[in-house]
Amino acid sequence: MADLKLTNVAKSYGNAMYVLQDINLDIKQGELVVFVGPSGCGKSTLLRMIAGLEKISGGRLEIDGQVVNDVPPAQRGIAMVFQSYALYPHMTVRENMAFALRIARKPRDEINAAVERAAKILQLEPYLDRLPKALSGGQRQRVAIGRSIVRDPKVYLFDEPLSNLDAALRVATRIEIAKLKESMPDSTMIYVTHDQVEAMTLASRIVVLANKGIAQVGTPLDLYERPENEFVAQFIGSPAMNLLPGKIVETGEQTRVDLDGGGSAVCAIPTQPGDKGKAVNIGVRPEDLVASQSETPLFKGKVDIIEALGEVTLLYFESQGGREPVIAKFTGIHPELRGQEIGLTAAPEKVHLFHQGQSMRP
Amino acid sequence: MNLDLLNSPAVLGVVTIVLGVSGCVGYFYFSNLILDKVIFPPRGRNAGRNINYANMVRPWLFLLPALLALGLYLAYPVFKTLHFSLTERVPGGGNVWVGAANYQQMLKEPKFWEAMRNNMLWLIVVPALATAFGLLVAQLTDRIRWGNIAKSLIFMPMAISFVGASVIWKLVYDTRPAEQDQIGMLNALYIFFGGSDPQTWLTIPFWNNFFLMAVLVWIQTGFAMVILSAALRGIPEETVEAAIVDGASPLTIFFKIKVPQIRATILVVWTTITITVLKVFDIVFAMTNGQWETQVLANYMYDKLFRANDWGVGSAAAMVIMLLVAPILVWNVRNARNEMR
Amino acid sequence: MNNIAGSKSSLTWIVHITVAALVILWMVPTVGLFVSSFRTADQISTNGWWQALFPSEQNLTLRSAAPETQIEQDGLFVIEGRLFDDGVKAEISVWGITSRNIDAFKPGETAELRKGGTITVQADGRYRMEHTEPFTGSRGSRVFVTATQPPKFTLENYNKILFEKRNVDGMGKAFLNTFTVTIPATIIPILVAAFAAYALAWMDFPGRALLVAAVVGLLVVPLQLALIPLLKFHQDIGIGKGYLGVWMAHTGFGLPLAIYLLRNYMAGLPRDIIENARVDGATDFQIFTKLILPLSFPALASFAIFQFLWTWNDLLVAKVFLIDATGQTTVMTARIIELLGTRGGNWEILATAAFVSIAVPLAVFFAMQKYLVRGLLAGSVK
């Protein structure tokens, strides 16, 4: 169980091709940190660099205060769970779990005890003498996790461990991982996923990666409520946050923005007098938009398409000026709204303010 | 202990297996051990650097025995043969440089040109027929229930040695005097269908080449069939179904939909058989030994090397075979490199 | 595709018939040799092997029992018995007592013997000779019959070829020699190639792509080029012609295919498994022995079969690197070539010898066809 510290870590293939740059990250013991980001953002590469499966091209990686840049994977005190489970197909579940300890020439009793303990935690006892091909997908995933528990590592690394499972199993296994983390409060875990539900539900902190670097680090609710930039704002939450361009017309404790589309928004973020006239984007999440009869709504438009999801209804408004259509999420079922002209507004504390892509929240 | 027993080849064989296997395993095990424990130990101040060094050296440890064997048994002989082909052995040992004299002498021999002509015939006929038959069988057996048994039986000659196949076919071509019952199938059929006198098939110049080629076609068809059958299975079923819906006849589907999609595989099969043909030796050696105008390059070369003891001309003939293989070699290497990328 | 509505059954029949014809065409030559190896020299030279499968009508010259077996019954001297050996089933259609008139009588009829007395022959070969005076002479009298005999096969040829020690045409020793060549020549290249293939598939080092390309190139180099340089090399280092030389030669010649096959297979193993083993602390050597080797079993088996068939069936390498003037180390293929020269017309010897050498590869072929096919598919350069 240990801390992990990345300082200016970079990854490049060849000379100029940087895929990751200036990664600075402090992970404390007991945290479950989730790396998310669009595909190709380098999140798996970063995880593999921590594991030692990819060379680190620049910067420092410390585990427990020791620089481990040149230490081979096995000696870093990490364990990794792969997306494809990576079970050894010719070994039984027991042999799979015991493999690392056998390599380390641990005594037989110790190996057996560790395997039994892990099997018990993961309810794998009945399957210990089966081959991986005789297991279901969920069971295989549990074996892969068990294999890492057996090694009692300082840091657990998970590389999209749930993406090969079907939807129902994914939810069940996600909850199991959450329970597992709860049962081992001291262990440090790093988890890579492209699924933001996994990220939001599991993480103690989320690291959003984009554009060769870290876009924001924070707790799940932090990222949801206080995104530091437009990228994070749009990446977290589904459907994505609406961004509407406008100009600041009033500054002070609250800020008023006149939108290019004709609407007007009030936002609970304080601004300086010098900010007046700045071109900004306001951001409002679809679930924060409410219907309004006001004379000066935030947005007014005709409902183009309705998606009824049961507990909520998504309203897609006709797009204006070639921009992404505004989306609103209303609770309940509203088939009658299609084709209607509706005004929308939002509470000032739910309105985000971005200038040149960055949040203006102090 | 009995000394004879010790000298018997069987015991020698067992000893060689044990020595060879334990030698290989021992080499790999101990060289790794020495690398990790003695030369670059992963401890101390330079632990990280040492591990990197060890990992740079290790691939070469794994490769070394194979590289030595490949170099000595395949790469070196190519150059040595080239050297031999340009020199003449002098009595008492040693070679003298003679330039292209061996080649000139070879080009003047009618037997060489006969071998060249026959090899060209083989090159055209055998790959074409074997591939065609293989494709036919692969396609036909694809749809029938006992197809796998049929394929297995047609594939079977692959396991038979060229020498064994030569004996098998010599019986087919056997000739008895006219007044006796024919025991060779071909003559029996020939007489049955109204042929007058039994023929000695293998001594009819020019045509006897085709009787020899039949043996190789018989053997290689199975190879072509296996590869092409897998390729046919790999064709997306939807393209065929789309063609059926479009109203294409089975023949059209085969020639216009299926064959174009496996063109690359057909080429591979063709070239592989071509290489086999260029090296063909045993069949001619066993059935006619190059008499009655059936000489081929490989047998011509063998004649020169081991019967006439003329290493110069023999090596020159070997170089001609190498030259004929070279385009395929280059093509294969280029494909392999493209695939690696 | 058999489910498609409205497909014509006549077309299906044509397919069945064509395939059957091709299979027969491909099988018949081998079957011919196989059948011949179970026939006696006489049988082979009188008619074609295809006639051996059915009851055949033959003209035979047989002899009754000798006069010393006669008994006296009611004043008549009688010899009784059966013309055929015990256990032989045959049916006589016509018979005679002179070579000029072999079809003079029908079964059950009685003929006057030249030296006096009569003989009656039944269809199944039983006969009865009667005479008022004792039969004289040391031998029985000749009977010419035309009889239909069921197919008759013998294992005698195999017995002679394999187990008769004195037989100059024997294959027993050559059979053992072939085994001696084959087994080490199959096992050793596998090991050498497996390590190299692992390095080429899973280790990173400069020049790797070049080496793979070189292996592909060596795959097609004709081994004819290697004969003289290597023979000279073997003589220079003192091993000359012999088993050691032939094992080394087969190892060298087999390596390109072995490396190519195994590398392709190993490169297809899932990367995650190997990385997981690295995280688990396995060294390259451990990854190789504990993971790669067991997981590569299908490819190893494929190559083993190839190399076994190739070394077993080889003629050229054995002739050049193994067989010396004493002929003690000859292999079966070389033996058959010699027999073709010395016993060109003796098909009972040739057929049996050939089948002795073909039998083992055929058994391997039918037992392990799956691996052979897999190897072929992986081994043909794409």
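Trainee: How many residue pairs are in polar contact across the interface of chain C and chain B?
Mentor: Nine, with both residues of each pair at pLDDT 80 or more. Keep in mind that this is a predicted model.

Trainee: Which helix gives the largest share of the side of chain C that touches chain B?
Mentor: Helix α1 of chain C, residues 9-36, which supplies 16 residues.

Trainee: And how do the residues on that side of chain C divide into nonpolar, polar and charged?
Mentor: There are 80 nonpolar, 22 polar and six charged residues on the side of chain C that touches chain B.

Trainee: Which side chains meet in a salt bridge there?
Mentor: C:Asp284 and B:Arg58, at 3.4 Å from N to O. The count between chain C and chain B is one salt bridge.

Trainee: What area do chain C and chain B bury between them?
Mentor: About 9,700 Å², with 82% of it on carbon and sulfur atoms. Chain C brings 108 residues to the contact and chain B brings 107 residues.

Trainee: Switching to the core. Which residues touch the most other members of the largest nonpolar core?
Mentor: A:Phe35, B:Trp122, C:Phe253, C:Met266 and C:Phe321, out of 252 residues in that core. Helix α4 of chain C, residues 172-202, gives the most to this core, with 17 residues.

Trainee: What is C:Met266 in contact with, leaving aside neighbours within four places in sequence?
Mentor: C:Ala194, C:Ala197, C:Tyr198, C:Ala201, C:Trp202, C:Phe288, C:Ile292 and C:Ser296. Another core, of 45 residues, lies apart from the largest one, and A:Val143, A:Val150, A:Phe158 and A:Ile236 are among its members.

Trainee: Now chain B. Why is helix α14 largely enclosed by the rest of the structure?
Mentor: Because nine of the 11 residues in this helix, residues 297-307 of chain B, are buried. The buried ones include B:Asn299, B:Asp303 and B:Lys304, along with B:Tyr300 and B:Tyr302.

Trainee: What comes just after α14(B)?
Mentor: B:Asn309 takes a positive phi there, of about 55°.

Trainee: Last one, C:Thr120. Buried or exposed?
Mentor: C:Thr120 has a relative accessible area of 18%, and the cut-off for buried is under 20%, so C:Thr120 counts as buried. Its place is in strand β6 of chain C, residues 118-121.

Trainee: Which side chain does C:Thr120 join in a polar contact?
Mentor: That of C:Thr110, at 3.1 Å. Not counting residues up to four places away in sequence, C:Thr120 also touches others, including C:Gly108, C:Glu109, C:Arg126, C:Tyr127 and C:Arg128.

Conventions. Residues numbered from 1 in each chain as written. Chains lettered and ligands numbered in written order. Predicted model: local features only at pLDDT ≥ 70, side-chain atom pairs only at ≥ 80, totals over all residues. Heavy atoms only, no water. Contact = heavy atoms within 4.5 Å. Buried area = accessible area lost by both parts, 1.4 Å probe. Salt bridge = Lys/Arg side-chain N within 4 Å of Asp/Glu carboxyl O. Polar contact = N/O pair within 3.5 Å; in protein donor to acceptor, adjacent residues only side chain to side chain. Helix = DSSP H or I, 4+ residues; strand = E, 2+ residues; numbered from the N terminus. Nonpolar A, V, L, I, M, F, W, Y, C, P; charged D, E, K, R; others polar. Core = buried A, V, L, I, M, F, W, Y, C linked by side-chain atoms within 4.5 Å. Buried < 20%, exposed > 50% of the residue type's maximum accessible area, 1.4 Å probe, protein only.
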